[in-house]
Amino acid sequence: DRMQTDPFGESTVRAQMHPGYQNPSCIGPSGPADPELSILSVQSVDERPIALLANYSMHYYGAQPVSADYYGAFCRRLEQLIAADGVDPPFVAMMSHGTSGDLHWMDYGKPKDLPGLERYADALARLAHEAWKTVEYHSAVPLAMAETKLTLDRRLPDAKRLAWAQPVLAKMGDRPPKTKEEVYAREALFLRAQPTRELILQAVRIGGLAITAIPCEVYGLTGLRLKALSPLRPAMNIELANGAEGYIPPPALHPLGGYNTWPARTAGLERGAEPKIVDVVLSLLEEVAGQPRREHRPPAGTYPRAVLASKPVAYWRMHEFEGPMATDCSGNSHAGNYEDFVVFYLGGPPSAAFSGDVRLSRSPHFAGGRMWASFPNVADTYSAELWFWNGLPSDARPVTGYMFSRGREGDTSCPGDHLGIGGTQYGQAKLLFLNGNRDNGVLAGRTHFGLRTWNHVVLVREGKRVTVYLNGAHAPEIEGEAEVTRPPDAFRVFVGGRCDRFANWEGRITEVALYDRALTAGEAAVHYAASGMQPNTQESW
């Protein structure tokens, strides 16, 4: 009910690029940030610094129309810091534009804070200076470069879009556009006149360092993916290099709308442009490295090891960079299927116990879509385990959202098992179990959940007996009986929504495990303890 209207008069906008600080209409970020500040330092044979190239994924700070923005301030300050260490003559500092098509310095999930351009740049320069002190230099390193050209289609206006644009353009005449509608009406003609674009893509190797160059405004998720899969590490990605072909949102971001997706010269490439560019760039990296790209395997900490020790029939860690497949880590080959309106690689529960190191665990964000998988051989004694983070206020609708469902696709009477958080109808802000609209067996929990808090839940069904454990507590959060209403041919489980799509989830769900037996309270407590988490751990946007 808070969606906005695009320039074409349609209610499609869920992703707002600048919503304002702590906007109550917003749930959280639509993509992850790449937090790395990378540097390449060069010195002479007599150890005098010559130059430094930095790379950072932040759009710009905001300055005068003609300005080097924080890049110039960073370079000036870093040159001062190096000179202060006794270097004469001072060396040249450079800052390149990282993958920041959807990244800016403001944290809209927190109160407004304006550090100022100079203070912001000074903080980055000091970080780079400390890293510079630890650089190891080599008298000789392998050098290689590869380049190719990639032709991509643009998203051209169809007959309906051209019919919309014609009266807008006729009203404009020969004057420049003044409104969003006029801008995008004229852009439709530009796209039609140039239906394809040729991109120059590059990869450079300097020793063990990889540098990629992409002529687009690249999202943070794409940069993280390239770094994770690159055969060379570390890696830095330079966007808007050798051209400016507009934003390239990953395909999952297109359904959420926003100006980064509206067809124009600034965002006109085909919906599948991002994965095509990533694949070509990785091929270039393979060429300069002489090695294959890495596989994406979520690192395992104490929590996933505890889950696997309990032998689930399926375990979706949900650390994917993209859909449509959710990988089953149990070894039982029960791959899941992501629908549209799910975005990927957001922060998961903030504990190293999930990833095994200081890196973030990861989670998809369900923004109206679901993940589903088929299980024909799991009977009416089973358990489902997951971590959830709810972003929707509990007074927004009758049921705040369903996180897990087992039933028949599209059946509006929804016989089966459905676990979620209650809304204005009953069980507000508490766990809610429902066995379908006809039987209407409702069981509610006791604990109120705050917004954007990570919690662990285990649903256990043993015939008519339903038990739900929360955050490692041995005492059940929900305990009672509910008739088994799931039809014999209802084989699917759904994560992030109900089988009939009523009250789909608005938030994050990750580390989902399914068992063909009843987990005990002790097992649920062991799993939770292995996470190192505390109940209701809140996370900012």
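Me: Where does Ala429 sit?
Reply: In this predicted model, Ala429 belongs to the loop that runs between strand 20 (416-422) and strand 21 (431-434).

Me: And what is its phi?
Reply: Ala429 has a phi of about 65 degrees, a positive value although the residue is not a glycine.

Me: Is Ala429 buried or exposed?
Reply: Ala429 has a relative accessible area of 9%, and because buried means under 20%, Ala429 counts as buried.

Me: What about Phe341, what does phi look like there?
Reply: Phe341, which is likewise a residue other than glycine, has a positive phi near 70 degrees. Phe341 is placed in the loop between strand 14 (336-338) and strand 15 (342-347), and at 31% relative accessibility it counts as partly exposed.

Me: Switching to peptide bonds, which residues does a cis bond join around Pro234?
Reply: The cis peptide bond there joins Arg233 and Pro234, with omega at about 5 degrees, and Pro234 itself lies in the loop between helix 5 (220-229) and strand 10 (235-239). Another cis peptide bond joins Gly323 and Pro324, where omega is also about 5 degrees.

Me: And where is Pro324?
Reply: Pro324 is in the loop that connects strand 12 (314-316) with strand 13 (325-326).

Me: How does the lining of the second largest pocket split by class?
Reply: Sorted by class, the lining of the second largest pocket holds eleven nonpolar, five polar and seven charged residues.

Me: How many cavities of 30 Å³ or more are there?
Reply: The count comes to two cavities of 30 Å³ or more. The largest cavity contains about 40 Å³ of space, while the second largest cavity has a volume of about 30 Å³.

Me: What lines the largest cavity?
Reply: The lining of the largest cavity consists of Ala15, Met17, Ser30, Tyr219, Leu253, Gly257, Asn260 and Thr261, and by class these residues divide into four nonpolar, four polar and no charged.

Me: And which residues line the second largest cavity?
Reply: The second largest cavity is lined by Arg155, Tyr247, Ile248, Pro249, His254, Ala267, Gly268, Leu269, Glu270 and Ala273. That lining divides into six nonpolar, two polar and two charged residues.

Me: Now Thr99, is it buried or exposed?
Reply: Thr99 counts as buried, with 2% relative accessibility, and it is found in the loop between strand 5 (92-97) and helix 2 (117-132).

Me: What does Thr99 touch?
Reply: Not counting residues up to four places away in sequence, Thr99 touches Asp34, Ser57, Val218, Tyr219, Gly220, Gly223, Asn237 and Glu239.

Me: Zooming out, how many helices and strands does the protein have?
Reply: The protein has nine helices and 28 strands. Buried residues account for 55% of its 541 residues, and among contacts between residues at least 6 apart in sequence, 71% join residues at least 24 apart.

Me: What about overall dimensions and surface?
Reply: The C-alpha trace spans about 80 × 65 × 45 Å along its principal axes. The radius of gyration is 26 Å, which agrees with the value near 24 Å that a compact globule of 541 residues would have. The accessible surface comes to about 23,300 Å², with 52% of that belonging to carbon and sulfur atoms.

Definitions and conventions
Residues are numbered from 1 along each chain as its sequence is written. This is a predicted model: local features need pLDDT of at least 70, side-chain atom pairs count only at pLDDT 80 or more; totals for chains, interfaces and linings use all residues. Side-chain values use heavy atoms; hydrogens and water are left out. Ala, Val, Leu, Ile, Met, Phe, Trp, Tyr, Cys and Pro count as nonpolar, Asp, Glu, Lys and Arg as charged, and the others, Gly among them, as polar. Helices (H or I, at least four residues) and strands (E, at least two) are DSSP runs, numbered from the N terminus. The radius of gyration is taken over C-alpha atoms; the globule rule is 2.2 Å times the number of residues to the power 0.38. Buried means under 20% relative accessible area, exposed over 50%, partly exposed in between (1.4 Å probe, protein chains only). Contact means heavy atoms within 4.5 Å. Accessible areas come from the Shrake-Rupley method with a 1.4 Å probe; for residues, only the protein chains shown count as cover. On a 1 Å grid over the protein atoms alone, a cavity is a set of points where a 1.4 Å probe fits but cannot get out, and a pocket is an open set with protein on both sides within 12 Å along at least five of seven lines; lining residues have an atom within 4 Å of a point. Grid points are joined across faces, edges and corners, and a volume is the space filled by probe spheres set on the points.
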